[in-house]
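Visitor: I have not looked at this structure before. Could you show me how to read a few of its features?

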Amino acid sequence: MSPVMDLLFEAIDEDMPGAKWRRVFDRHWHAYSRWFIRDGIRSRPTYLASLRALRTHMPELLPAYEAIVAVAGDGDLEARFLSMWCPPVYVGGCSQAIIGGDKPALIRNYDYSPRLLEGTWMASRFNGKRVVAVVDCLWGVLDGVNEDGLCVSLSFGGRTAAGDGFGIPIVLRYVLEFATNTAEAVAILKRVPVHMSYSVALLDRAGHYATVYVNPDRPAEVLERRVSTNHQHGVEWARHAQTTRSVEREAALEKVVALKHDPDKVLGSFLRPPVYQTSYGRGYGTLYTAFYQPEDASVELIWPTARWRQSCADFTEDARTILFNDGDSAGFARPFKHGVTPQ
């Protein structure tokens, strides 16, 4: 079977936005800018409205925001996009499980189209705290860990509701920059508005955990749930749930988490159907599995035939390409030579 594509995953280490981040920006800005104004530029909030939203809800993030906008060139469109205030709607997959016991862990599959993944794994100190995260929208967070051992990841909540709020990746950036534990992260998620529905998984070094349902049209809910896929209390968007097998994935993970408290044993379920998905051409394939351990603030990106470990204390720049086949497993990894564009 012919591959859908090779996907580049690149790990970069830059305390503050600079030349390395600018290269990421240059690589992706054309696609992001087209997506951002796909409904017309007037459909997006103005720069002043975006700045006002940041000042109101996440003021501590402003210095980092201003720094990253400056590196991006100080343009109006760039500043509006990087605020992530009221972006266009977007839909993904994802499965998450929190494992307790002596060595707590947060494991997640990120399910999306390989053509739309940015593929940036970034270590930074935007606000003095070491953060390692898989990046989305150039500086937002899909999942990550900070030096305090706080781990966080997101999954789409399976609802069509949309409203005035931030794209969830910048909210998770804010969480990792300024929260030290699950309780502080929960407090942030309860007060910062989001523009779509998500289930956010949290785990800290003390083993405290939570799953937080955030929505644009109702208050955040904090639950002691260990598993989340792409619906919240029940299926509200039947077509999406059926296409992504959200209920089946949830049931499979609930069963294994209830029976096994060893993260390595639970991990196996993430690498097999129904949790591991291969519909890459339809946009619902597993692009990576992330294995977070708060004890040492470490994370591994995992594919069926490859594992790549980093931590807040030991992060090494590197790049790898992953081959994705539609309807087949992915995970063939090989080193990526800088200067060679993957085809």
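**Reading a strand and a buried glutamate**

Guide: This is a predicted model. Start with a hairpin: E13 and E14 have four residues between the strands, and in this hairpin alanine 297 takes a positive phi near 50 degrees.

Visitor: How many bridges join strand E13 to E14?

Guide: Five bridges join E13 (residues 284-293) to E14, and the two strands run antiparallel. Threonine 289 has isoleucine 302 of E14 as its bridge partner.

Visitor: Which residue of E15 is the bridge partner of valine 299?

Guide: The partner is glutamine 310. E14 and E15 (residues 306-311) are antiparallel too, joined by six bridges. They form a hairpin with two residues between them.

Visitor: Why is strand E14 described as largely enclosed by the rest of the structure?

Guide: Buried means under 20% relative accessible area. Six of the six residues of E14 (residues 298-303) are buried, so the strand is largely enclosed. Ser298, Glu300 and Ile302 point one way, Val299, Leu301 and Trp303 the other way, and all are buried.

Visitor: Now a loop residue. Is glutamate 118 buried or exposed?

Guide: Glutamate 118 counts as buried because its relative accessibility is 4%. It lies in the loop between strand E3 (105-112) and strand E4 (120-124).

Visitor: What does glutamate 118 touch, beyond residues up to four places away in sequence?

Guide: Its contacts are Leu8, Val24, His28, Tyr32, Val135, Asp136, Cys137 and Leu138. A polar atom of the glutamate 118 side chain lies 3.0 Å from the backbone nitrogen of leucine 138. For the backbone nitrogen of cysteine 137, the distance to a polar atom of that side chain is 3.4 Å.

Terms used. Residues numbered from 1 in each chain as written. Predicted model: local features only at pLDDT ≥ 70, side-chain atom pairs only at ≥ 80, totals over all residues. Heavy atoms only, no water. Buried < 20%, exposed > 50% of the residue type's maximum accessible area, 1.4 Å probe, protein only. Pairing = 2+ DSSP bridges. Contact = heavy atoms within 4.5 Å. Polar contact = N/O pair within 3.5 Å; in protein donor to acceptor, adjacent residues only side chain to side chain.
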